[in-house]
Amino acid sequence: MRMNNLPIDGTPLAASPLTRAVLEIDEYVAGLGWDQPARLFALVDTDRLRAEEPALAEQLGLGGEDRRDGEAPLTPVEQDELPAGIPLDEFLGTIAWPDAVSGCAMTVERLMLPPSAEASVPENLQEEGAEERLARWVAEHPERQEVRMTVAVLRDGARESALRLREKDSPTEVLTGPDLVPGLTEALAATFGD
């Protein structure tokens, strides 16, 4: 019997391959703990990976010719660590994926405020060039929450996100949906632009 809609390996069951990949990445990063750097993943078709890169498939535990029951159609492959000192949006603008990559995903930790607190942001912190002061203000706000966002996009335009709050750090408390982090979703989708 499976509790809380979790299969034996701990990855939540999901309706679509992209949702399942997002939840698999979320669970992987959750196992590393909080206060992690941003992480970037290529999403590759598992069957294509097995056929075209058998050594890599074997290294990732995907050996054999046929997909096993419960095996995800998309395999996340973590990329090298993101360079330090480069803003995330600038870094994403430098990425070009090879044709073998079906999609990509990223995890990022941030502080967020509820909408009620966002309305109280002082005007002088909303000006251009005040990003550092605004970040300090948010970090010191009593209603701040730490959140891990996992966002994925496919070449065909499909999108999915998962949000995990630090105060509700459980696989059963992860919120999913395609439009939860629109800015990051757009930035990732742009990595597949011509």
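A residue is called buried here when its relative accessible area is under 20%, exposed when that area is over 50%, and partly exposed in between, using a 1.4 Å probe and protein chains only. By that rule W97, with a relative accessible area of 13%, is buried. The model is predicted, so local features need pLDDT of at least 70 and side-chain atom pairs count only at pLDDT 80 or more, while totals for chains, interfaces and linings use all residues. Residues are numbered from 1 along each chain as its sequence is written, and side-chain values use heavy atoms, with hydrogens and water left out.

**Aromatic pairs**

- A search of the whole structure finds two aromatic pairs, where rings of Phe, Tyr and Trp (its six-membered ring) pair if their centres lie within 6.5 Å, and planes under 30 degrees apart count as stacked, over 60 as edge-to-face and the rest as tilted.
- Y28 and F41 form an edge-to-face pair, because their ring centres are 6.2 Å apart and their planes stand at 90°.
- This pair links distant parts of the chain, with Y28 in helix α1 (residues 17–32) and F41 in strand β1 (residues 39–45), 13 residues apart; helices (H or I, at least four residues) and strands (E, at least two) are DSSP runs, numbered from the N terminus.
- F41 is buried at 3% relative accessibility, whereas Y28, at 38%, is partly exposed.
- W97 and F192 are stacked, because their ring centres lie 6.2 Å apart with the planes at 20°.
- F192 is buried, with a relative accessible area of 14%.

**Charge over a ring**

- R148 lies over the face of W34, at 4.1 Å from the ring centre, the criterion being NZ of Lys or CZ of Arg within 6 Å of the ring centre and within 35 degrees of the ring normal.
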